Amino acid sequence: MSLDGASLTALWWAVIFSGIYHGINPGMGWPLAVSAGLMERKHSALPKALGMLAFGHLLAMLAILLPFSLVTLLITWEMELRIGAGLLVIAMGVYLLINRRHPKFLARVHPARLALWSFLAAMAHGAGLMLVPIYLGICAVGASDSGHEAARTLMSGNIGNALAVAIVHTLAMTVAGGILATIIYFWLGLKFLSRTWFNLDIVWAVSLVLVGLFGIYSAYLGH
């Protein structure tokens, strides 16, 4: 199945907007970059910390998406895989709605290990899972394709798509979070951050449920 231009564009914008959302959300780590810059008293510490957070987030995206890029070789089970992925994302969203506490193990990760912290935070919050229904939509194949041609296309393209989705998402996250971190670091300071802390956990959990429902819906319709 080939997606029309509008559908493919919408899927890629979904990847970008999910990255911007992660970048804005303090729970994905940009306050740690501000803190690193202030503690080291060097401007260079801010982009370095943002880079480490981005690297960890990218690894978390790939840890989820790369296995799915291989699983989609099972063309016969495409719809079932997409529905299962949607259910998994919904389950994660419901879990986060019920369990509102942040994972305790994140507090035990040393602040200097930003890449590790970012990787674990993204995994714990289901950040990679949210991309799975979008990714499977981008990489969807239809029954009308010949088996050998579809398999060849999947093997040559899906891992590349997984890398592209992870990179685009992480870039959007880093730019959004970096803008906020820069404003706080150079002009507003940590006192402002402590007074205006915002938490998007409920919005994030509901977003996971909605994305999962959309993934199941689109799988049933064959999109």
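Q: How many of the residues of the protein count as buried, as a percentage?

A: Of the 223 residues of the protein, 46% count as buried, and since the model is a predicted one, this value, like those that follow, is computed from predicted coordinates. The protein exposes about 11,600 Å², of which carbon and sulfur atoms supply 72%.

Q: Which secondary-structure elements does the protein have, and what pattern do they follow along the sequence?

A: The protein has 8 helices and 0 strands, so that the pattern read along the sequence is α-α-α-α-α-α-α-α. Among the contacts with a separation of 6 or more, 86% are accounted for by residues 24 or more positions apart.

Q: Where does the UniProt record place the annotation "transmembrane region", and what does the chain look like over residues 12-38 and 163-188?

A: According to the unreviewed UniProt entry, the annotation covers residues 12-38, 50-75, 81-98, 119-143, 163-188 and 200-220. Over residues 12-38 the model is 81% helix and 0% strand, with the end C-alpha atoms 35 Å apart, while over residues 163-188 the chain is 100% helix and 0% strand, with the end C-alpha atoms 36 Å apart.

Q: Which residues of α1, α5 and α6 are buried?

A: In α1, the buried residues are Leu11, Val15, Ser18, Gly19, Tyr21, His22 and Gly23. In helix α5, which comprises residues 114-124, they are Leu114, Ala115, Trp117, Ser118, Ala121, Ala122 and Ala124; this helix is followed by Gly126, whose phi is positive, near 70°. Helix α6 is mostly covered, with 12 of its 12 residues buried, and among them are Leu129, Leu131, Val132, Pro133 and Tyr135.

Q: How many residues has the largest nonpolar core, and which of them have the most contacts inside it?

A: A nonpolar core is read as a set of buried nonpolar residues joined through their side-chain atoms. Here the largest one has 32 residues, and those with the most contacts inside it are Leu65 and Tyr135. The elements giving two or more residues to this core are α1 (5-24), α3 (45-71), α4 (78-98), α6 (127-138), α7 (147-195) and α8 (201-221), and the largest share, 9 residues, comes from α6. Leaving aside residues up to four places away in sequence, Leu65 touches Leu131, Val132, Tyr135, Ala162, Val165 and Ala166. A second, separate core of 16 residues includes Leu106, Val109, Trp117 and Ala181.

Q: How many aromatic pairs does a search of the whole structure find, and how is the pair of Tyr21 and Trp204 described?

A: A pair of aromatic rings is described by the distance of the centres and the angle of the planes. The search finds 4 aromatic pairs. Tyr21 and Trp204 form one that is stacked, at 5.5 Å centre to centre and with 15° between the planes. This pair links distant parts of the chain, with Tyr21 in helix α1 and Trp204 in helix α8, 183 residues apart. Elsewhere, Tyr185, Phe186 and Trp187 form one aromatic cluster.

Q: Why do Tyr21 and Trp204 count as buried?

A: The cut-off for a buried residue is under 20% relative accessible area. Tyr21 counts as buried because its relative accessibility is 16%, and Trp204 counts as buried because its value is 3%.

Q: Is Asn25 buried or exposed, and where is Asn25 found?

A: Asn25 is found in the loop between α1 and α2 (30-40). With a relative accessible area of 6%, Asn25 is buried, and Asn25 touches Trp30 and Leu200, not counting residues up to four places away in sequence.

Q: Where is Ala63 found, and how is Ala63 classed by its relative accessible area?

A: Ala63 is found in helix α3 and is partly exposed, with a relative accessible area of 35%. The C-alpha atoms of Ala63 and Leu129, which lie 66 residues apart along the chain, are separated by 10.0 Å.

Note on methods
Residues are numbered from 1 along each chain as its sequence is written. This is a predicted model: local features need pLDDT of at least 70, side-chain atom pairs count only at pLDDT 80 or more; totals for chains, interfaces and linings use all residues. Side-chain values use heavy atoms; hydrogens and water are left out. UniProt positions are given in the numbering used here, feature names are shortened, and annotations may be inferred rather than shown by experiment. Helices (H or I, at least four residues) and strands (E, at least two) are DSSP runs, numbered from the N terminus. A nonpolar core is a set of buried Ala, Val, Leu, Ile, Met, Phe, Trp, Tyr and Cys residues joined through side-chain atoms within 4.5 Å. Buried means under 20% relative accessible area, exposed over 50%, partly exposed in between (1.4 Å probe, protein chains only). Contact means heavy atoms within 4.5 Å. Rings of Phe, Tyr and Trp (its six-membered ring) pair if their centres lie within 6.5 Å; planes under 30 degrees apart count as stacked, over 60 as edge-to-face and the rest as tilted. Accessible areas come from the Shrake-Rupley method with a 1.4 Å probe; for residues, only the protein chains shown count as cover.
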